[in-house]
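Hi everyone, thanks for coming. I'd like to walk you through one structure today, helices to begin with and then sheets. Here it is on the screen.

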Amino acid sequence: MRNIKNNWLVQVIGFVLVLIMTGLTAQGLSRIMPPYYLQIGFFIGINVIMALGLNLIAGATGQLSLGHSAFMSIGAYASAIATVTLHLPFPVGILLGGLAACLFGIVIGFPTLRLSGDYLAIATLGFAEIVRVIFTNMQITGGAIGFLGIKNLTTFPVIMILTVAMIAVMMWLENSRNGRAMLAVREDEIAAESVGVNITWYKIQAFAIGSFCAGVGGALFAHTTTFIQPTDFGFMKSIEFLNMVVLGGLGSIPGTIIGSVVLTTAPEFLRFMANYRMLVYGLLLIIMMIFRPHGLLGGFNFRQAISRALFLGRRIRQGAKV
Amino acid sequence: MKDLMQQLINGLALGSIYALIALGYTMVYGIISLINFAYGEIYMFGAFTGLILAATYKTNVVVALLGGMMLSLVLGVLIERVAYKPLRRSSRLSALISTIGVSIFLSTLMVLLKGPNTQGFPKLFENKVYAIGNFQITIYQIVIIGVAAFLMLALHLFVTYTRTGRAMRATAQDQDAAGLMGVNIDRIIATTFAIGSSLAGAAGVLAGIYFNAVQPYMGTMAGLKAFAAAVLGGIGSIPGAMLGGLMIGLLEVLSVTVNLSEYKDAFAFGILILVLLVKPSGIMGQKINKKV
Amino acid sequence: MNILELQNVTISFGGLTAVDKLDIQVKSGEILSLIGPNGAGKSTVFNLITGLYKPSDGAILFQSEALTGSPPYRIAKKGITRTFQSIRLFSELSVLHNVLIGTHVLGQAGLFHSIIRSPLMHSEEKELREKAMAALDFLGLADKEHEKAKNLSYGEQRRLEIARALVSNPKILLLDEPAAGMNPFEKTVLMDIIRKIRDTGVTIFLVEHDMTLVMGISERIVVLDYGKKIAEGSPVKIRQNDSVIEAYLGSGQFRSRIRRKETGAC
Amino acid sequence: MLRLENIDVSYGRIRALQSVSLQVKEGEIVALIGANGAGKSTTLRTISGLLKPANKEGRIVFNRKHIFGSPPNSSRTASLKPHTIVQLGVSQVPEGRRVFPKMSVHENLLMGAHSRKEKPLQEDYERVFHHFPRLKERRKQLAGTLSGGEQQMLAIGRSLMSQPKLLLLDEPSMGLAPLLVEEIFHIIEDINSSGTTIMLVEQNAHLALEISDRAYVLETGRIVLEGSSQELAKNPEVRRAYLGD
Amino acid sequence: MFKPNRKVLVSLGVILSLLLIVTGCGGQSGTAGQTGTTETKEPIKIGFLGAKTGNTAIYGLGNLKGIKFAVDELNQKGGILGHQVQLIEDDDVGAKDQAINITNKFITQDKVNAIIGDPLTGLTRVAGQIANSKNTVIMSAGCTGPNVVEIGPYVFRDTLLDSVAAPATMKYIIQEKGWKKIAMIISKNSDYSVGVSAVFKQAIEANGGSVIDEEYIQDGDTDFSAQVTKIKAANPDVIVFGGYYTEAALIMKKVREVGMKDIAMVGGDGLQSEDLVKIGGSAVDGVISFAGFSPEQPTPTTQKFMDAFKAKNNELPDLFAANGYDAMMIIAKAMTDANSADPVKFKDTLAQTKNYEGVSGTITFKANHEVIKSPVYLLQVKDGKFELLKKVPVALN
């Protein structure tokens, strides 16, 4: 039993099977679900991927980034250029989008990671503004007029498969040597260094993976909306992703997912508020932070809770023996 | 380049407004290390207050300015009470999100109250143009630069020589030690919010007069630029905020002069990043020692 | 043989010389204590050894190899780990995770292996977990494995820090006031643990204030005052050293100018 | 003058102080000794209001006024803030001096007088300069540029500016050369004999027991011994643990 | 964990009551047309897609006012084909993802018969894709950029297109006014401005003018002193600004301030708003813009609309309100003519609209159902009012 569980091949096959199942389920769902709900599902998927990326940067290694939408825009434009201008297939477009964002994440990461806390925040914010201005003035992106003619290639199965894969990878990562080192950087940089963790490397890594996610999210976004403009990736967009991560519980993967779901659907739920919707949205942010400053699931670890429950059970059994 | 001098004056006027908002950022940051994203909205609120006073109640400039400052002050204190004070002991990120909530709330509220349209500012006094040599300066520019300079000077004197000002500096340097000296930390924080907000309010009214445009979302970009200015100058440093504000104002204007106006915003933030890389604590900021 | 050597090490902060031309030799396999009044520069010495501070002058040799200029994580990889005076745990993480992070230098599996869950990663993970549990067991923390680090008592936190530093099989362990905040019973347990660690071949370099502990387990003691070494030798020798007594143990020189009246205990 | 009854203090789930009770009488010098991490500074920080006791039953009373806890036959629980406690006449010289580095010596002294609403008089300065003549020469200098000893003097002088009835000193000898330590401790005695009650946290037990009238020994957040300093200095346990015998 | 104390609760209470007061103040702005009276027939549902908050709310709310006015008018007359008209409004905040969600909601949840919006080209393209694929008519009352009606037979717009009006305007100022040295200002972050400016530029070259200075601004900017200083140094005959009235008014104030007393600004119908004069005051005197109608010599339809609108809303309609009104009315007419509110049926009738006399101009849909407004009016501000300068007929093909 244990052998099977730990067999690598079995795990890989299992993972692929799960992805295939997800794809099939999604395919089925997209036939029977009302388009409105299906469409919201699209954006939940995209936002989960985006927020998971930011969670790795801000939640796992503790670097406040206010420029997540810039990486999203890089991914969106890169994938659009790949599929429209270069006629490459969509999966290649997604990959290129992710890699382009990842590359920028590393390039920006190296110098700016010397900065810490709020200085990093303002530097990433500045970077995002610069990226936006450059896209506004570039020929290949269509400038302010926008990038036209992107095909609607993002299907529900694609989103679902990528989202599930991303969640799985994030959870695996969190529970590996590599992921633990990232958490250590967040918790205490000095202590982390003193046990041999190269903090710069893990910070860059977080930035690279986080921006890769953002790039993938951007690619999916571009091929959902079929048309992108620099104004789609403004400062408030970065803030939205930060809200998702913090609202759910910074550093918690289930929290991030819940945060993304809540904030993606909130505008829809709040539609009945008509004109007061954004007003309420602002208020909700304040009230949430006051009453749950660590987020909805802040300080709550699913894995730990489960293992603790099991552990307690074991202890009781052992106790009975003694 | 013969209009360089002219552009410098334009930049100085613009920079004065950034500097006034940046002062609020920097003061609050200096004391509680909070980036208050709602400052841009306080600036917007100040501008609207000035507008309402001038347009509806037909007050003169001085009343509009003081009224704008006073009401912004009240708003600032209210924000501190509601959205920041309950979060003093939570993580700074929660406080940050809370201020973002305030920012969204205030700008939306203003759209609901006054509509999204840009509104002109009633003419409070006649604008005159003085030609000096081959450049000119308008009364508005003189007033903007003058009032901003006066407020900054007043703030400097207040912080340097008054009992409260001293307590503010002490709190910024060492909050616990200041408490042990009998400084009421809660009140100092509220005072800091109040002063910062009234300066942002003043900036709003001045911007209303100078640009003649008041609009519910005017605070977002101005707030970001002022924040950049505060960091550029060295966040927590009052002279730094003035310097940073003026620099960003001048820089924007100069980017137009050298035919790169389309990259105007990129310039401001680009320089900011460069400065941070060379001197991570900003131009006049103190170096932070890594504590072990 | 000297495992660690400080040669003429000097560092100053803003004009204040915190460590002044310091020479210390740590012999392989010994328990060496560094004592001195608060603020004498003891923790600074540890920070210099572990690379958190760069000395403005002098050299630090580990197994005759210069450490100076290496970043802290590389120094840890070489086999120097430490605890901190003000406990620095990964406080939101579980006890087990804290120690697992301590095994970082033992592992190989990087990002790639983590993401594809390779067999290498699995076997390594298993090995590291066993090691971590062994370390927790050794320090008597095995039953707290799922507790968050911040919820432990002072004494337990100190022990967890030791477990974290110890789990990577260091050659030398730097303990910065390990007994601070412990009660007398915990202190005796700690002394035992330190001796046991040494017996596994790990050199111990210790900063401590508790004289019972210092005098009880040290083989040699170095006394620091004002950033300078003022004495070095066996516990017995140190206890009799006049300058040590004056600077640290209490001079007895200071005499109250006002005759204090006898007051009864209340 | 000052009375602590059953005070518990915790950081998170860690209990830093456990039912600590002690008192300081007018005119005394009382020392608090113990190892690092035993809870000495925590005690002083709690008295000054920087930390709040965790238990409602605990009580801190200064000159019949409740700093914390509810007076008998009253349901109102007092929990004064640091600035109010200073106004009552309890001033603390914190560990590590904590002078305001970017302010001049003069401004630091002014900060010391902050709790008194009126402007400090020349004689207030004179009293400080009487104890610390060196500060007078350096009035205009930034506190951050002073030497360690001078900073300690400034920290004490700053506290004196509030005309405290009770002065709390946290590790005044920390990081100072022996000669300087002696100088400062003599000044502490002088301050005491000119009428200020003193409570002293000191890691150097010799010094502490020599200067004080009475002392408390703290161990892992509990008071394990108390008595007159002379008796404690003879106590074999104390001698072994803290005096290096 | 934070325990809510009394002060916080009180403060929250204050905020909430503040919110209630505000809500109360604006309470009348519910959905129009839901009066329902004695109707038994299913109402015809029209979705309004646009921003009601956010940076672009100014255009969305403009549209909405006109549409509501039209809906009220229709319902008073007994609705369309005997059905009352129900307007469903949703706020997309100017964001594409929200626009997509709302469009889907309109079509599949609310089952609207037609959508009016979004005034922004970008969002119309995005929403148009969805509406077209789901056979629902969408008509933008504001967008001017390319690649909109090409999406498919269900996508319409009723705006005056720059490709027609801009060349005519440039021809007039260069050849008739003789202003050859031109300074251009482009708002770089506005697709409208970049789009219309490109057409302007082409036309300038075609008519023998030259662009001697090109300055960039951004929508939302308020300080134009630097750009104006440079323009003054370049000494042009005229300033061409493709953009919106807010920035135009602010630029003109600065232009007059630095002493360029007589120079005119020429722009597109983005300048058409009462606010141009409200913000700019006397500084905007002489500003020339093209438009689909002339407020000074309005057709009876336009005049009637303007009077009634003013009576109701206490302000003159702006371009977006007029376009919104027309969009609703053209759709209503097409439904009536087709005798069906089914988009599949009435979209063809709609595409055949010829010479419809709307309040924003005379509207014709070309063979590819792209909109043409003819004639184009050139207007000039004089003493705070737009006056007719010239009427230019446009070929309908």
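Helix α6 of chain A passes helix α11 of chain B in a left-handed crossing; a crossing is called left-handed if the near helix is turned anticlockwise from the far one by less than a right angle, and right-handed if clockwise. Axes here are lines fitted to C-alpha atoms, for helices over the stretch in contact, and angles run from 0 to 180 degrees between N-to-C directions. Helices (H or I, at least four residues) and strands (E, at least two) are DSSP runs, numbered from the N terminus.

Before I go further, the bookkeeping. This is a predicted model, in which local features need pLDDT of at least 70 and side-chain atom pairs count only at pLDDT 80 or more, while totals for chains, interfaces and linings use all residues. Residues are numbered from 1 along each chain as its sequence is written, chains are lettered from A and ligands numbered from 1 in the order in which they are written, and side-chain values use heavy atoms, with hydrogens and water left out.

On the α6(A) side, the contact residues include A:Tyr119, A:Ile122, A:Phe127 and A:Val133, and on the α11(B) side they include B:Asp265, B:Phe269 and B:Leu276. Contact means heavy atoms within 4.5 Å. By class, this contact has 12 nonpolar, 2 polar and 2 charged residues. For the classes, Ala, Val, Leu, Ile, Met, Phe, Trp, Tyr, Cys and Pro count as nonpolar, Asp, Glu, Lys and Arg as charged, and the others, Gly among them, as polar.

Next, a pair inside chain A. Helix α11 (residues 235–248) and helix α12 (residues 253–269) of chain A have axes that come within 7 Å and cross at roughly 125°. α11(A) and α12(A) are therefore oblique to each other; angles under 35 degrees count as roughly parallel, over 145 as roughly antiparallel, 65 to 115 as roughly perpendicular and the rest as oblique. The crossing of α11(A) past α12(A) is right-handed. Among the residues that meet are A:Glu240, A:Met244 and A:Leu247 from α11(A), and A:Gly255, A:Ser260 and A:Leu263 from α12(A). The class count for this contact is 5 nonpolar, 7 polar and 1 charged residues.

What angle do helices α5 and α6 of chain B make? Helix α5 (residues 139–161) and helix α6 (residues 163–173) of chain B cross at roughly 80°, and their axes come within 5 Å. That makes α5(B) roughly perpendicular to α6(B). Their meeting residues include B:Phe158 and B:Tyr161 in α5(B), with B:Arg163 and B:Met168 in α6(B). Here the classes come to 4 nonpolar, 3 polar and 3 charged residues.

Now to the sheets. In chain D, 6 strands form an open sheet with mixed pairing, in the order β7-β8-β9-β3-β10-β11; two strands pair if DSSP finds at least two bridges between them. β7 (90–93) and β11 (222–228) of chain D stand at the edges with a single partner strand each, so one side of each has no neighbour in the sheet. From one strand to the next, the twist averages 15°. Within this sheet, β3 (residues 29–34) and β9 (residues 197–201) of chain D pair in the parallel sense over 4 bridges, and D:Val30 stands opposite D:Met199 in β9(D). Helix α6 (residues 148–160) of chain D packs on the sheet, where it touches β7 and β8 (166–170) of chain D, and its direction makes about 170° with that of β7(D).

Over in chain E, strands β6 (residues 181–187) and β7 (residues 210–217) run parallel, joined by 7 bridges. E:Ala183 stands opposite E:Asp213 in β7(E).

Two backbone details to finish. A cis peptide bond joins E:Gly117 and E:Asp118, with omega about -20°, and E:Asp118 lies in the loop between β3 (114–117) and α4 (121–133) of chain E. C:Asn8, in strand β1 (residues 2–13) of chain C, has phi near 55°, a positive value in a residue other than glycine.
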